[in-house]
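Thanks for coming. I have one structure to go through today, so please look at the sequence and the model on the screen.

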Amino acid sequence: MSRSDDEEFELFRQEMNDVTPLVGDQVADIRTAFEPTLAQKERRRAAEAEEQENVNFLSTEYVDLVEPDEVIEYQRDGVQAGVFKRLKQGRYTMEASLNLHHHTLREARTAVFNFVQDCHHAGIRTALIIHGQGKHSKPHPALIKSYVNKWLREMPPVLAFHSAQRPHGGRGAAYVMLKKNAEQKQKNREKHAKK
């Protein structure tokens, strides 16, 4: 036979009838006893900031379609013309690569986001993304290439990108140049401060 909540509470109240509350300085204030310490608050704030950074914000909404044979390129303000020219010519060592062949659009979105974030955190400055030309992709030709062109522009660590040279995949791949991460910037500041 089960009791109702009211009956349970009444039994509890009867049992506690002769109990007297504690008084004095030794009683914990339960309103503040479980408040996080300053260090815990700071760790939580840092974790939330990192989590926010790692949230995939890349959109699969509208995209300007590019042609399978079209060159894709982008250069953020401040990237020197000579640096962009060397990237375009494939004269930097590609430190990492991502192959998107046989990926769905959703898989490609996740892969590109994670790849760029991982490269940036690891201090990789130049990478190759093989997106394919998509001449026969459905429902539109060059769909993943079009989205890669869009997504790379949306990602803050990306300084520039350009379709690759023929030995590296030609118009079915893109060279990507990334910003220095915080650790690399600090080393650079220290290096130049010594001079």
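**Overview of the chain**

The chain has seven helices and five strands; helices (H or I, at least four residues) and strands (E, at least two) are DSSP runs, numbered from the N terminus. Read from the N terminus, the order of the elements is α-α-α-β-α-β-α-β-α-β-β-α.

Before I go on: this is a predicted model, where local features need pLDDT of at least 70, side-chain atom pairs count only at pLDDT 80 or more, and totals for chains, interfaces and linings use all residues. Residues are numbered from 1 along each chain as its sequence is written, and side-chain values use heavy atoms, with hydrogens and water left out.

Some totals. The chain has 195 residues, and 32% of them count as buried. Buried means under 20% relative accessible area, exposed over 50%, and partly exposed in between, with a 1.4 Å probe and protein chains only. The accessible surface of the chain is about 13900 Å², with 51% belonging to carbon and sulfur atoms; areas come from the Shrake-Rupley method with a 1.4 Å probe, and for residues only the protein chains shown count as cover. Of the contacts in the chain with a separation of 6 or more, 74% are between residues 24 or more positions apart. Contact here means heavy atoms within 4.5 Å.

Next, helix α6, residues 143-154. How does its span agree with its 12 residues? At 1.5 Å a residue, α6 should span 16 Å, and its end C-alpha atoms are 17 Å apart, which agrees. The expected span is 1.5 Å times one less than the number of residues.

The helix is largely enclosed by the rest of the structure, because 10 of its 12 residues are buried. Among them are Tyr147, Trp151 and Lys145. The cover over these buried residues includes β1 (73-75), α5 (105-122), β3 (126-130), β4 (158-163) and β5 (173-178).

Now a loop residue. Met94 sits between α4 (81-88) and β2 (96-99). Met94 is partly exposed, at a relative accessible area of 22%. Beyond its neighbours within four places in sequence, Met94 is in contact with Thr126, Ala127, Leu128 and Tyr175. Met94 and His168 are 74 residues apart in sequence, and their C-alpha atoms are 9.7 Å apart in space.

Last, Val19, in the loop between α1 (5-15) and α2 (30-33). Val19 is partly exposed, with a relative accessible area of 49%.
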